[in-house]
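Open the model in your viewer and keep the selection panel at hand. The stops below go from the whole chain down to single residues.

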Amino acid sequence: MRVLDQLFGHEETLEGLWRTSARGRLPHALLFEGPSGIGKFNAALRFASGLLCATGPGAPCGTCPPCKRMRSGGRRGNHPDLYLVDPVEEAREGSSAKKVLTVSIKIERIAVRGGDEDCAEGFLRLVSVEDGWRIVILRDAHLMQAPAQNALLKTLEEPGKNTLLILETSQAADLLPTIRSRCVRVNFERLPLETTEKVLVQEGLEFSVAGTLAAWSGGAPGEALRLDREGCIGIRELFLTVQTGERGAFGAVAELWKLPGEFIGSTPKARDRHRARVALDVLVDLLGDELRLAEGVAPELLAQRELAVSGALRVTNPVMLSRLIQSCLELRAAMAGNVSPDATMERCFLLLEESRVTTEAVFR
Ligand SMILES: [Zn+2]
């Protein structure tokens, strides 16, 4: 479990929480809140490890029996006093990829009538094995269905001795106000780009790619790793070749389906749909930065800064760029229905090609 040894960023926040715990003032429920992909869940794991550590509360020593138990269970640890609800990971491991896209936390994971211990509420009711904390971490807590949220309210109202609930979320607004008000909020910020780069290099990305994706993700390593997994740099390159006229729209569509990248879906068509959604997001990011550049934003402040600085971003008519972005967003929204991914991407590349021809005619 890597978070036992090191966690880049957020250490000050965790130190503060450990100090609060040492003074006996830790609340029974914490809401770890902040943008997606910045390491809130890893911070929750490290925080819990530091509470369970024999030398704690503080940075986990990594060598005591509780730390060894955390270390033995892979990424999620294997400590009898820690209970994890990790909906996305569980859906990925357990069943068809289709489920990953419609994943949720069902009431059974929060509370079961009759008090089965394999749920958060039942787990918190048991007495700690190590005579210390009983901790539950809910990852992506906003994915709780309404009955699950209502069940959690009861648990929050009657916390047991030495119990701690950590709710991790990037969408706190999707939680019931009554849940939010019963938790103490802990805000997490995006990481500095240099820190993000370090995390990405540690995760095995090449240095140049790490720099590009650190900026593109805006200091969110988890988001940067997703961009890498989905081959977004290659997709962006493809859009750029259409913008310069190096490649035609139809050739680009054919090329898009051949690019490397991991896409979710139980059928080839489902994976193509995912790829099309990713491609449209990439184009919106790219055009967004072109628009910012056209409006006078400094190149080094953009997410695609290396392209802006090298002159690869095209500065064209802002009105046309806005329209193009609007069209992409409409195509993206239509993907929720049963439209063909191939036809959608054809339309997208044709619009991009058309905008190039128009721009050249105007600027000639
Ligand atoms: Zn330890």
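Into which domains is the chain divided? Select 2-187 for domain 1 and 230-363 for domain 2; these bounds come from an automatic or database domain assignment. The C-alpha centres of the two lie 38 Å apart.

This is a predicted model, in which local features need pLDDT of at least 70, side-chain atom pairs count only at pLDDT 80 or more, and totals for chains, interfaces and linings use all residues. Residues are numbered from 1 along each chain as its sequence is written, and side-chain values use heavy atoms, with hydrogens and water left out.

Next, show the strands (DSSP runs of E, at least two residues, numbered from the N terminus). Five of them form an open parallel sheet in the order 2-3-4-1-5, where pairing takes at least two DSSP bridges between two strands. Strand 2 (82-85) and strand 5 (184-187) are at the edges with a single partner strand each, so one side of each has no neighbour in the sheet.

Now select Val 85: its bridge partner in strand 3 is Leu 138. Four bridges join strand 2 to strand 3.

Move to helix 9 (residues 146-157); helices are DSSP runs of H or I, at least four residues. Helix 9 packs on the sheet, touching strand 1, strand 3 and strand 4, with contact meaning heavy atoms within 4.5 Å. Its buried residues include Leu 152 and Leu 153 (buried is under 20% relative accessible area, 1.4 Å probe, protein chains only).

Last, pick Ser 21 in helix 2 (residues 11-22). Ser 21 counts as buried because its relative accessibility is 12%. Beyond its neighbours within four places in sequence, Ser 21 is in contact with Leu 26, Leu 51, Pro 57 and Trp 133.

Note on methods: Expected span 1.5 Å × (residues − 1). Buried < 20%, exposed > 50% of the residue type's maximum accessible area, 1.4 Å probe, protein only. Axes fitted to C-alpha atoms, helices over the stretch in contact; angles between N-to-C directions.
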